[in-house]
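Subject: Structure for your review

Dear colleague,

My notes on what was found follow it.

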Amino acid sequence: MKISQLIFLLPFLLSAAFSSCKKYELKPQVEDASYIRVFNNLTFTVDFLNNQQTPPFLTFLMDPELDADGVPNNAGIIGDYLGTRQLYSISYPINAGNSSTGNGTLNESGQPNPPLGYPQNYEYPGNAHVLTAPVINGFDLSSWAQISSGKHRIMFVVRPQSNTPFRDLGSVQRASILVDTTINLEKGEVYTLEVVSRDLDNGKYGLYVRKEEFIHKAFDENKLYAGFINLSGKRPEQSKYGTAFFFPDKVRINSTYNIFNDAASSSAGSYYHPLEGYDNTYYTTLSSKFDQSISYLPLPMLPQSAFFYQGVLRTYSPIVSVANQNTGTMPYISFNMLDADLPVTTPTGFKLNCWSDPAVFNNYTFRNPHTTPNLNLVINSNNQFKVYSTVNIFEMVYNRVYLMQIKRGIDHAPQN
């Protein structure tokens, strides 16, 4: 079944998710549970910007067991074949395009990494058969695994790109430990764990742990929300990368809400106009990195009619478009990210267009880190399209932006 078909089955899948906080009947609920989701933010050498990093194909271990030589050979939880995360992730695993196993990015020679035929997980738990989080604060969080709260030792091991499971690797390979730390997880809390580069030039890595605050916040159901966080390590030496863009230490973010101009557009050209009050308007400034708290700021939720033209759902921009031009008609938000210390002399910055179709976005490789899915989630139920508001986390990592989209339950969506 195609991903585009699967996305239309979402209401059915959600109803199953809401009826239970388990994807599979494996064992009783964990007592005093907390919830984790794990990403690998390190990138393959898909371009010359990232070729200084360690080969970022990892195994995630929670509560590792060690042999007589102190080398991990097993663990309470093993998240194996952990490759670079996808540019877009959602709060529930629904199909092969999100939170799943598959083949990922291309290297600078246009070849797949890892090579075809080798497994790769984009995150943990992904589609692993585990107990998952329940609906919390009206959000479906089944992309987070249910585990016991308390102290846990965490390891990430650099592993070869092969079909061999971690426990069957040789001791030398299992001894290639990238991160080894201990964390404390509180009962009932939701955590996102991410392997990060602290210093790209000098090969220093670490674990970033964020206790998600969105489960405790009140969100207006008739608004979109977006929060930004800079997870870039020390800014690389520019002399090594020429004119390549890296996010500055302080980032000013402006926003524009783009509305398709039906009257001015024709086969000769497509035109948008900004929503009043949202034309390259100041949104927020990030003054530090690796923050534990995210400020979720509201954006307008347009009426349902804005997403249709003459009764037909408007179109998304193609994932790969000529000269980065939008040829769709769907309303979308764009963000412009500038050096906060030099906003006038760097007016173009890094422009992020949220105009793509989420159902097919992850089918494509990292060709354009300047685009991401639309922040409005469109669902087809009983042959009727409906648009839902979302909460969105934008994580900036050196020269690309990852979007984690948190979706409300069906019962928490705005009405027509």
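Over the face of which ring does Arg198 lie? The ring is that of Phe290, and Arg198 lies at 4.3 Å from the ring centre. Please keep in mind throughout that this is a predicted model. A second contact of this kind involves Arg37, whose charged end sits over the ring of Trp144, 4.7 Å from the centre of that ring.

**Aromatic rings**

In the structure, the count of aromatic pairs comes to 19. Phe246 and Tyr398 form one of them, an edge-to-face pair with 6.4 Å from centre to centre and 85° between the planes. Phe246 is found in the loop between strand S12 (223–230) and S13, while Tyr398 is in the loop between strand S24 (390–397) and strand S25 (400–407), so this pair ties together parts that are 152 residues apart in sequence. Phe246 counts as buried, at 1% relative accessibility, and Tyr398 is buried with a relative accessible area of 3%.

Another pair is made by Phe260 and Tyr272: the ring centres are 5.2 Å apart and the planes stand at 80°, so the pair is edge-to-face. Phe260 is in strand S13 and Tyr272 in strand S14, and the pair links distant parts of the chain, 12 residues apart. Is Phe260 buried or exposed? Its relative accessibility is 10%, and it counts as buried. Tyr272, at 21% relative accessibility, counts as partly exposed.

**Salt bridges**

How many salt bridges does a search of the whole structure find? The search finds 13 salt bridges.

- Lys211 is in strand S11 (residues 204–211), and Glu186 is in the loop between strand S9 (177–185) and strand S10 (190–199), so the pair ties together parts that are 25 residues apart in sequence. Lys211 is partly exposed, with a relative accessible area of 33%, and Glu186 is partly exposed as well, with 39%.
- Glu194 and Arg210: these side chains meet in a salt bridge at 3.7 Å, N to O. Glu194 belongs to strand S10 and Arg210 to strand S11, so the pair ties together parts that are 16 residues apart in sequence. Both Glu194 and Arg210 are buried.
- Asp262 and Arg314: here the side chains meet at 2.8 Å, N to O. Asp262 is in the loop between strand S13 (251–260) and strand S14 (272–274), and Arg314 is in the loop between strand S18 (312–313) and strand S19 (332–339), so the pair ties together parts that are 52 residues apart in sequence. Asp262 counts as partly exposed at 27% relative accessibility, whereas Arg314, at 10%, counts as buried.

Salt bridges that share partners also build one network, which joins Arg85, Glu194, Arg210, Glu212 and Glu395.

Strand S1 (residues 33–40) and S10 run parallel and are joined by 6 bridges. Asn40, for example, has Val195 as its bridge partner in S10.

**Ala133**

Finally, Ala133 is placed in the loop between strand S6 (112–113) and strand S7 (145–148). Ala133 counts as buried, at 3% relative accessibility. Along the chain, Ala133 and Ala33 are 100 residues apart, and their C-alpha atoms are separated by 8.9 Å.

Yours sincerely,
A colleague

Methods: Residues are numbered from 1 along each chain as its sequence is written. This is a predicted model: local features need pLDDT of at least 70, side-chain atom pairs count only at pLDDT 80 or more; totals for chains, interfaces and linings use all residues. Side-chain values use heavy atoms; hydrogens and water are left out. A salt bridge is a side-chain nitrogen of Lys or Arg within 4 Å of a carboxyl oxygen of Asp or Glu. Helices (H or I, at least four residues) and strands (E, at least two) are DSSP runs, numbered from the N terminus. Buried means under 20% relative accessible area, exposed over 50%, partly exposed in between (1.4 Å probe, protein chains only). Rings of Phe, Tyr and Trp (its six-membered ring) pair if their centres lie within 6.5 Å; planes under 30 degrees apart count as stacked, over 60 as edge-to-face and the rest as tilted. A charge sits over a ring if NZ of Lys or CZ of Arg is within 6 Å of the ring centre and within 35 degrees of the ring normal. Two strands pair if DSSP finds at least two bridges between them.
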